[in-house]
Each structure stands twice: as structure tokens, then as C-alpha cells.
Amino acid sequence: MSRLLACSWLFVFAIHIPNCFGFQTNGSAHSSSSPWEIESLVYEPTDSGNQPYKALGATSCSASACHGGPGAGVSSPQAVRGSEYPLWVESDPHARSWRTLNSEKSVDILRRLRILVDGAIVNKPAYQNCLACHNTTKELQVDGISPRLAEGVGCESCHGPSELWRDSHYQGSFSVSESIEKRGLVNSKSEIVRAKTCTLCHVGGPDRDMNHDIIAAGHPALYFDYGTYLKAYPKHWRENAADPVKQSLERWLIGQVAKADSELELLNSRIRKTHPHSTWPEFSNYQCTSCHQNITGKTLIQLQDPSQNPQRSSIGQASVRMWNLEGLQTTDSLFGFDRKSTDELIQSLETAGSRRGDAEADRKPILEMIQKKRADLLGDPGSYSLEDLQQRLVHWPLEQQRTLVRRKWQAASESLNWEQAALAYLALQSSLPAPDDKKPLDRMRTRLIFPESTQSPGFLLPNSPSEAQAELQSHSWKSDSSLILESLGP
Amino acid sequence: MTQIIRRHIPTQPLLCFVALAWTICTNQVWGFQPPEKPPLNSASTRSTFDLTCVICHSNPQPITSNNPIGLSQARVYLGEESDVATQDRRSDIHAQAIHKVWQQDGHLTNEFKIILRKLKNQNAIGLNHSWASIDPEKINDKDADPVFLKNCLTCHAGIQADSQKSPMALGRPWEEFAADRSAVSNGSIGCEACHGRGSEYLTKHLSPNWLTKSPLQKQAEGFRDLENSAVSAQVCLSCHLGSPSESKIITHEMYAAGHPPLPPFDLAKFLDETCKKHWIDLTTKSASLAKTPARPNDPSVEYLRKHFESPLDNPLEKLNSEIQGHFRKTQQSRVGQVMASLMSQDLMLFNAESQNLHGDYGVYDCVGCHQTLYKQIRGSYSIKGRVPGRPLGLMWTRPAKSNLVTSALDPLATFQQLLDDVLNKTPFGSPADLQKVFSEFAQQRASAKDQLIEFANKPLNQQQADAWLFEYLKERQGLMGNEWVAKQVFWTLENYFDDLERVTENHSQSDSRNEIYKSRFAALAKTAPEISLIVSCGPAKLPSDEPVDYAQFYKHLQQFVEELVTSQAGSASQTPAQ
């Protein structure tokens, strides 16, 4: 009986959620507009794995007296907002992620990956891999009755499952630190914790792996940059930074550390094969443009050929994707970590990719190197302290950070590597004190094929290639580069 | 000079010269007039290039359509005689291949040096030794590094990788090549690189019953009978695709260092569009022979029979008429495709067995990965059961079921399916799993090539050709997103329509449906991008500076194929197979 009830609940949500977020519960509606048979999505919950606490769903935060109110408004800038839920529902892209997973495109992806066959989910672990990032929980039905967790990336995705603190967190006796430690609350005030929360999905983690199979099936590749994403993010909190440039630079650094750590975690789980759907060596650990370059003609992106990179020791091998691991090199030069071990790790990953070695002998040394680099970043495994790291980053002099960005930019502007140049562009953008003439920066962006709609790079052609080409032809990468460096100051 | 001759004819000098004299003086075999000048003169004034062969085959007697089996092959090959069809006086592109490696002074070309310099510091993934010993600055035509010899000269100069171990191998030993100055200046891929080592078969080659031997018999004696399409496909593909047993391998590293990609191979296209043909095809030979009055027990008629399976009591006229109705190019194209499948599997096995080779991307389809991330995707294809984004072997060499022409080849479809599964399963293409699949099919694979050689002598009439083309296109029609598959389908269609035109002209038959598709295909062919041309003389010439819309062309080709398949299915249902 309860199973039947659950089925009809789920049915309602699958139909209603894409259209509105009202979460109505008059569950008699039946429709065939759903992309697949809804029964197939219902399965018995498994062990909750890494989530020892239960999530209760975004609606449980949405009472008008709690986080579903009209908001404190600009007149009382110090007040807690109170309008987080409506803001999330209306403007936060995370609220759309369940809809995205149910869209025609996603269903096609699920079919190509044979997760969905003849309207039924036939590969549950792989489907849960999708849910891990597209929904608050990996189980659509947690307690056998309530289906309300098909909500997209809700409050508890980032703030932690609220089972043990929802009913107490507004009371005077509530201890934040104790809840963080013991009850699953996430310390989202800490910048590094927040960044790690983002990278858990936007890079990947021990229980979620967005790999090349999924990209080839149609999912966009992940190009996360904490600072730029946060700038564009509709915030449901207030920010009062004394120095916005300093804050933006800090975020650039913190984002790098978070990305690197998540990538190392992901690598670790790929090599250990903790997911049934992970592969090793994994193509998405390598630069897309290493392989995806045209062999018969010139392409619009002239910066894409990694084999032109003078640092490369080998040809015809895929270059390691540094998008997320860049933080290792940055922290090596900032904090004097062992640079050699970073180089060794990158070299071993490159060799593994070209030899596609799967033997124990190929994997073990890489795992050891990963362990070492994580210890560099965050201290001994037993006492990882993100807060300590944040303190180190925040107290690092601004001028030194600028110098680092400048050096990075100079190196990148001389190389022909797309990824290096794009990363340098993002670093530059985070550290530039709003230049009067943004044109050189815009041109850089066009060269790197960043679509206008988002700050993260993609591989789309610009809308008007001829115009872009003409604009680019009248300015060289070098001359624009020196203009930007000038605006960075001495 | 005498020394050179001795080296070339080490064991049977007397026998050879007797046979030679007999051949020249009587010229019984094909009934031609003796040459005007003694052939040795022309050979000595020019070169010692594949000397043994040149003694006879540089006869000034030209090859013409009236005189199809002349003895001037070496002269045509080297550009001293004009080509039969095109009157082109340049040499065969294979004779020039050496200039890609060496300059006239015997030192490496800059182009080659750059590639070798890049390779020098590599891990040599794909090979069982390293590139480190190579010194591009020191290599010359007298002093080639063994690594360079094994990996470059096997194809670029027709050198045997290991002459001691494989006397039957194609090509000649390095020492012989290096001692021969003229090899460098006059020609590289010599007669023996394609026809086999002369010292093995010379005596037998000169005997009167040589023409009546079957291609397989000749192969056992060390000679490659290139009239047989399976044999010629195997010989061409040994370089144009790769042949691990002859150390003719190209790895991804070599491509990345600058070696151009090897395009798909179509036997009929490659043979017919070679700019300097030193041979006459079977159809022309037969027509020419039919014009002359037949002599009793004429070995040349027997030759035709050996290369075109036909009842022994078939009179020459009937035999010739059958040969004229034979879809030669279509059959060549088909046989070449099967051989390519078999040989690409050899490469895959070599990859799996080689300790340092596993991981070489050279055995996979280039466009599988080398598609840009723009909207225009040129490598997309779908194979049943495949997870997107995982490697597959070469798409253009995938066996089509319709091509599995003899019972020995039947299991290859299952075999391919198992290979696909291993490549699709992580870790992609695990060597152990690949080896397991190969060992299961070792027996079938061992006999497959010989079976194909026997099959290649079979005639293909219009009805059979139509039926095959229909099945073949049905199998390939979903794969036109792959540039190379599309290219091969286009070539196959070209061959088919060429045959159709020739055969229907001869037989003055006409079929309205065929006529429609023939003219529609001709219109489509006019829009084909330059990559569909085989340019064997000099560099490819772009038809225009405008960028070619490949995707558009392949789309049209796809439409054409679909319509042809549908119309054929329609006509087949109206007139059931007889």
C-alpha cells in the first residue's frame, strides 16, 4: 500500500515540478508527459552511504516565518534576509537542476548511456550518480512515504541534511559549532568550506563522477571557477566586503585550492574504482583540446593545440587537464610546497593516459602522490583543517597575489595553450581593479571563445565569426596582454 | 657490374641466363616480337635498380592496349616510357617516395629530420624499442640507424626489416639497397617491394608454365601475383595500413610528429588512378587476347582462367565475354575491404601483444577523437551497444557482413562484435581480453587470407554486384557521419557506376533505374570535396580556396545512399530474386 501511495506521489511531482515549484499534493493527476514510466524511478532506499543524516527537503525551510518570507529589504541591511526560499525558487539555477535532469536533452543522455532503457531506469547506481548533483539526495524516496525530495539542488545540498538541526536551529540555545561538528550542519560562512561544497558537484567527489562517457553522451564538460561563478550567483545572503578586489582575489585562490582538492579526491576514487561507472585512466582528466582538435584544417581557436606547449616533454599524448589541478602549482609557489611532487604527479597522469595502464603498478604510485599533495594542501589526513588554510590564504599580502597573477598571465600569454590562457584570463579578471577600458579583456574573452551568456568557457563558435575575426585581427594577443598588464599596476 | 649481377643472381647464374636468353629470343610466352635493343644496354645506362627484373622488364617494347603484356614495366615505372592511358611521362609515385626521405646528396630531407628530431625524445609507445638511438643529423643513405631502418625504411624504401629471418618477405635487404647508389637517386620502392624477392622465384618465373600457376602457388614460391586483388590489396595495405610482421607500423607518435594520416584504402581506386600504371587490367588483357587468333594450349588463355574462375572447356570467346561482363572494380573494392579488415585486426593483435605498444592510439579511428568541439562533428557514429566517447578500432576497416564472402570469413562478424565489446569495456581494450578473443579465433583468422585470395578470382556479374551493393550500403548507411567510412562508400559507388557504365556499354543493355542513379551520382560526385580524389602525382590541388563544406557533402551522400537502398529494396520486392 505504502508503495502504491509513493508511486502516485512521485507521479505528481514529476509532472508538476518542471512547470512550477508549488509542490501541490492533490495527487490524482495522471499524465503521459513524463519522459519515462514513473514507476521505474521508485525503488527501495539503500544505505545512505556518506549521508548519515536525513534531508527533509527545501519545502521544510519554506514557512513564511522562516526562509519563505518576503525578505528584509534594503531598508534594514543588517537583518537576516528571510526570503531565501523564494529567491532560490525564482532565481537560483540550482532550483532548476531537477527540471534539467528531466529535460528532453537529459533523457537523451540517459538513453545513450543506457541508464534509461525502454522507459525504465535499468542502471540505478549510474542514475544515482546523476541525482547526486541534480538533486538534494541520491534517493528520490527517503522514508518510503515522502517523495518531496525530487526538488533539484535544494537548501540541504549545501547547508547539510537538516534532520538533526532543523527544529532547533532558530532557538536561542542552538549551538552552531556543535551542530557543525555533530549534526551535519555545513559551515557555509567559511569561504573554503563553501567553495568545497560547490566543487563537490562542479568538479566531482568520492561519490559522484561526471566522466567522459557522460560528456560524450551530451553533458557539458565542467569548467568551474569559484570566483566568477559566485559573482554571477543570485545570492541569498548579504556580502559586505571592505575591499572587493581583495575579496575577489581571495576567492580566486580559495577556489583554486577547493578545485584541486576535489579533483584529487575524484582522482583517488577513479583510480580505486569506488564507483561502478568510473573508469581509469579517464579521458576527462585530460585536456579536451589534446584530442579534440581538427586534423585536417585550421580552426578558429588557434590557442588550442597543447602540443605547442613548450613545457611538454612528449608529443601525441594527451595533456593532463590542469583546470582543476592548477591550484597545486599555485599553492606550491605561494607556500613553498614540494613543486617536484606536483610535476611528478602530472607526469605520471600523462603517462597513464597514453599507456592506458591499468596495472596495480601504474596505480599505486599515483595514489601515493595524490595522498602527498592532499597532505600538502590540507595538513595530515587526520587533521584536515580547511579553516587553517583559509587563514593562511586570507593573510597573504595582496601585492604578492597580484605578482602571482601577473607572472601567470605573462607565462600564459606566451604559450599557445588554450587551457592555460583561459585560466590566466580568469585569474586576471578576478584581480583587475575594474579597468576603464575593458575592451582588451573582452577581446581576450572572444579569442578564448567564452560565450556572452556565461563566464565559464565553452567551445561554441561566436555568433558572428567574421566580426570577431576582424576585431581580433586588428589587435594582437600580445598587445592586448601588455595593455592589461599596465592596468594591473606596477 | 658483374659483381652486382652475381650478388643478385647468386645461385643459378647459368640457368637464369639461359632462361633469359630463351625469353628474349623467342618471346614465346605472349607472342611478342623480340626487343629492338638488348635490354642489358638500357639497364646499364640507367641504373642497377632491381637489376634482376630490369634485365627483362626494361624492354623498350611499350605496353599498349594492342600489346598489353609488353616488357617495359620498369621503364614506365621510372618515367622513361609514357603511361598507357594518360601518356604521363612522370615516374610512378612509389619510385619518388625516396625523395621524401633522402635528398640527392644522400642526406635526410629537412622534412624527415624534423619528424625524427621530434621522435627522438619520445617514449616510443607503439614500438618495442626506443627512438633514442636515432641521430637525424648523421643518418644517410649508406649509414641508416637500425631503428630508422625498421620503422621508416620498410615502407619508404621497400627495405626488408629482417632479411635473415624472412627471405620470402617483400622488399630487399638494406645492404643491397645501400650498395646501390642509383636506388637513392632513381627509385626507392622497387619491383621487389611489391612483387617479392626475385632470388626466391626467378628460375620458376622464367619457366614456360609460370603463367599457368595460380596466385596461391606463386605466393608459395615467393612471388606476389598482383593480378589477384586479394594479393595486391595485401601488398598495398602492408604500407597503406600496416603490417606488423614486416615491421610496417605507424604509431600515433609518428602521426603527432608530423607524418600525415593514412587515408582509407580502396583497391580499385588506388590501382586505376595510379598516375603511372605499368600494367594492364584483366578486362583489357582479355579483350586484346580475344582479338588475336588463339593458339593451341596458349598459356595466356590459361592465365586468364587462373585469374577468372571459369570452366576449363569455356572457349576463349565465351571466357572473354564473361570477363567483359565482370564488375572488376566493384569486386576489387570489395576484396580490398575484406583484406583491410583482416589486416587491421592483425594490428590490433600486435598492439595487444606488445608490451610497450598497448596504449597506442594509432590503431583507433582518428576522427573518433579528432573531431572539434564545434557544431560540425565529423567523427560521430554509432555502433550498437557502445557507450559514447569510448574508442573503437578503425571504422572504415570494420567488416561488413555482406563482405564476408566465404565460409571461412563468416565468424569474423562475431569476432568483430567481441572485439568491440573488449574495446568498449573498461579499461578500454585491455590487452589480456583482446588476446583472449584473438586466440579463440586464431584458426579462422589463419586461413582467412588464403581463402580470400581464392575468392578474388571469382567473377561478379551485374546481378551479384547489385545484390552485394545493396547489402553493403544497408550496413554502412548509418555510419556516414564518419568521414572515412563516407569516403570509402563514395569510392565504392564510383567503382560500381564505372563498372555499370562499361558493362552496359558492351552489352548495350540499359536499365532506366540504373540510368537515373548513375546520372544522379555523377552530379553528386561533382560536388565531392578534394579529399575524395586520389592524387598520386604530386600534391593535392584544392578545387577552390573556399572552405569545403564536408558535412554538407556527406549529408547528400547519406541521402543518396538511403534513396538507393530504398529503391533497390522496392525493386527487389517487385521482382523476386531468380
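Reader: Which residues does A424(A) touch, not counting residues up to four places away in sequence?

Author: Two residues are in contact if their C-beta atoms, placed from the backbone, lie within 7 Å. In this predicted model, A424(A) touches K408(A), W409(A) and A412(A), leaving aside residues up to four places away in sequence. Residues are numbered from 1 along each chain as its sequence is written, chains are lettered from A, and ligands are numbered from 1, in the order in which they are written. As the model is predicted, local features need pLDDT of at least 70 and side-chain atom pairs count only at pLDDT 80 or more, while totals for chains, interfaces and linings use all residues.

Reader: Which residues have the most contacts inside the largest nonpolar core?

Author: In soluble globular proteins, nonpolar side chains tend to be buried together. A nonpolar core is a set of buried Ala, Val, Leu, Ile, Met, Phe, Trp, Tyr and Cys residues joined through C-beta atoms within 7 Å. A residue is buried if 20 or more other C-beta atoms lie within 10 Å of its own, exposed if 12 or fewer, and partly exposed in between, with C-beta atoms placed from the backbone. Here the largest nonpolar core has 49 residues, and A424(A), Y425(A) and L448(A) have the most contacts inside it. The elements that give two or more residues to this core include α8 (191–202), α11 (244–272) and α18 (418–431) of chain A. Of these elements, α11(A) gives the most to the core, with eleven residues.

Reader: How many helices and strands does chain A have?

Author: Helices (H or I, at least four residues) and strands (E, at least two) are DSSP runs, numbered from the N terminus. Chain A has 21 helices and two strands. Of its 490 residues, 39% are buried. Among contacts in chain A between residues at least 6 apart in sequence, 69% join residues at least 24 apart.

Reader: At what angle do the axes of α8(A) and α11(A) cross?

Author: Two packed helices are described by the angle between their axes and the distance between the axes. Axes are lines fitted to C-alpha atoms, for helices over the stretch in contact, and angles run from 0 to 180 degrees between N-to-C directions. The axes of α8(A) and α11(A) come within 9 Å and cross at roughly 50 degrees. Angles under 35 degrees count as roughly parallel, over 145 as roughly antiparallel, 65 to 115 as roughly perpendicular and the rest as oblique. The two helices α8(A) and α11(A) are therefore oblique to each other. Their crossing is right-handed; a crossing is left-handed if the near helix is turned anticlockwise from the far one by less than a right angle, and right-handed if clockwise.

Reader: What about α17(B) and α19(B): is their crossing left-handed or right-handed?

Author: The axes of α17 (residues 282–291) and α19 (residues 316–324) of chain B come within 9 Å and cross at roughly 150 degrees. That angle makes α17(B) roughly antiparallel to α19(B). Their crossing is left-handed.

Reader: Which peptide bond is cis, and where does P281(A) lie?

Author: Most residues other than glycine have a negative phi, and most peptide bonds are trans. The peptide bond from W280(A) to P281(A) is cis, with omega near -10 degrees. P281(A) lies in the loop between α11 and α12 (288–291) of chain A. The loop between α11 and α12 of chain A also holds K273(A), which has a positive phi of about 55 degrees although it is not a glycine. With 14 other C-beta atoms within 10 Å, K273(A) is partly exposed.

Reader: And is D118(A) buried or exposed?

Author: D118(A) counts as exposed, because it has 9 C-beta neighbours inside 10 Å. Its phi is near 50 degrees, a positive value in a residue other than glycine, and its place is the loop between β1 (116–117) and β2 (120–121) of chain A.

Reader: How far apart in space are R270(A) and D209(A)?

Author: They are 8.2 Å apart, C-alpha to C-alpha, and 61 residues apart in sequence. R270(A) is in helix α11 of chain A and counts as buried, with 22 C-beta neighbours inside 10 Å. Among the residues that R270(A) touches are D209(A) and W280(A).
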